[in-house]
Amino acid sequence: MSKAGAFDLASGVGGKIDKTEVLSAVEKYEKYHVFYGGEEEERKANYTDMVNKYYDLVTSFYEFGWGESFHFAARWNGESLKESIKRHEHFLALQLGLKPGQKVLDVGCGIGGPLREIARFSSTSVTGLNNNEYQITRGKELNRIAGVEKTCDFVKADFMKMPFPDNTFDAVYAIEATCHAPDAYGCYKEIYRVLKPGQCFAAYEWCMTDAFDPNNAEHQKIKAEIEIGDGLPDIRLTKKCLEALKQAGFEVIGRKILLRLPVPWYLPLDKNHFSLSSFRLTALGRFFTRNMVKALEFVGLAPKGSQRVQDFLEKAAEGLVEGGRKEIFTPMYFFLARKPLSDSR
Ligand SMILES: C[S@@+](CC[C@H](N)C(=O)[O-])C[C@H]1O[C@@H](n2cnc3c(N)ncnc32)[C@H](O)[C@@H]1O
C-alpha cells in the first residue's frame, strides 16, 4: 500500500484533537517532560492523557515516514527496511507458534500494520487493542482496504484494564507498545489474565540495557530525549521487565536483545545515512518534511503547532540513534513467556 502523502500528513496532525487546539496540546504534552520541568511521577499518574496526546499529534508523521507499522527492525545486508519490518513481525508469529484459526491479541496495535501482516502470515484472527481513537479509525479503514476486516478487529481500551474475560486468547503479542505502561507489572498481569493457560506472550520491549549508567549525565539526556520524543513515562531496564513478567506469573522461556544484525535498527534515523527507499526518514528527507510542514502550517493547511511536533520527533531521533550507538537502549528486547497450565502461586 502506498505511503501517506504530504496532505495526509498535514490534515492528520492532531488526530482527534480539534485543529484549533493542536498548539495548546503540544504545549501541554511538552510540559510532562524533563526538558520542560516535568516529572516521572506526573507522567505516570497522567499516562492516558500524555500518551493519547502524543499519538494524536504524531500518528500522521509516523505514517508519512514509516508506513503502517510503527516499529524498528535490524536488518541483514541487502534487505530493505520494509522487508526487515515484515521479517521482524514474522519472527514474533513463529516464536508464538501461531496456528490457523487461533484468536490472538495485539496489545498497543497502532494503526494495525503488524496485525494485518501477522494475521495474513499465520491465518489467525487478530484483535488490536489500542487506547487511541484516531489510530483505531485509521486501522479500521486500512483493515477494510486490505480485506481483513472480517477476521481482524480493534478494541479501544487501556491495556492496564482490558475489557476481556479471563483466558480469552490463544496468544498475545506487543510490539514497542507496553513501554507506555506506567507500571510493567500491572500491564503484564492483565495480559496474563486474558491469555489461556499454557499459551504464550511475546514482545519487543523498549528498554535501557545494563550499559545504561543512571549517574552519567549524557546517558540521562539520551533517555530524556527518547521519553519526550516517544511519549514515555519512564524507560525501564531489561531486568525490571523480566522481574515484572515473573511477578505477574509468567515463565520466561526465551529472551534476547536483538541488536546484532549487520545493519542496526537505528540506521534509518542516523544523520550520516542516506537511502532512497526510506528517504523520508533520512536527515535530508526530514529537512524537506520540516520545510513542507512549515509551509503547510503557514498557509493554514496544517494546524498551528505542527512544526513543534516535528521538533520533538527530531529530539527522539537524536536520542534513539545515540542510545542505539552506545548500546544503552534497545527498542527490541525480545522475550517469550508462557502462562503455566495451572497457577501455583
Ligand atoms: C509505538 S506504537 C506501536 C504500534 C504497533 N505495535 C506497531 O508496531 O505498529 C505504541 C502503541 O501503543 C498504544 N498504547 C499506548 N498506551 C496504551 C494503553 N495504555 N492502552 C492501549 N494502547 C496503548 C499507542 O496508542 C500506540 O498505538
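**View 1. Polar contacts across the interface of domain 1 and domain 2.** In this predicted model, 17 residue pairs, both at pLDDT 80 or more, are in polar contact across the interface. A polar contact is a pair of N or O atoms within 3.5 Å; within protein, one must be able to donate a hydrogen and the other to accept it, and residues adjacent in sequence count only if both atoms are side-chain atoms. Residues are numbered from 1 along each chain as its sequence is written. Local features need pLDDT of at least 70, side-chain atom pairs count only at pLDDT 80 or more, totals for chains, interfaces and linings use all residues, and side-chain values use heavy atoms, without hydrogens and water.

**View 2. Helices on the domain 1 side.** α3 (40-45), α4 (47-66) and α12 (306-325) each give two or more residues to the side that touches domain 2. Helices are DSSP runs (H or I, at least four residues), numbered from the N terminus. α4 gives the most, with 11 residues.

**View 3. Salt bridges between the domains.** The count is three. A salt bridge puts a side-chain nitrogen of Lys or Arg within 4 Å of a carboxyl oxygen of Asp or Glu. The side chains of Arg 43 and Glu 227 form a salt bridge, N to O 3.4 Å.

**View 4. Area buried between domain 1 and domain 2.** The two domains bury about 3,200 Å², 60% of it on carbon and sulfur atoms. Buried area is the accessible area (1.4 Å probe) that two parts lose on being put together, summed over both. In domain 1, Tyr 47, Glu 68 and Trp 265 lose the most area to domain 2. Together they make up 19% of what that side buries.
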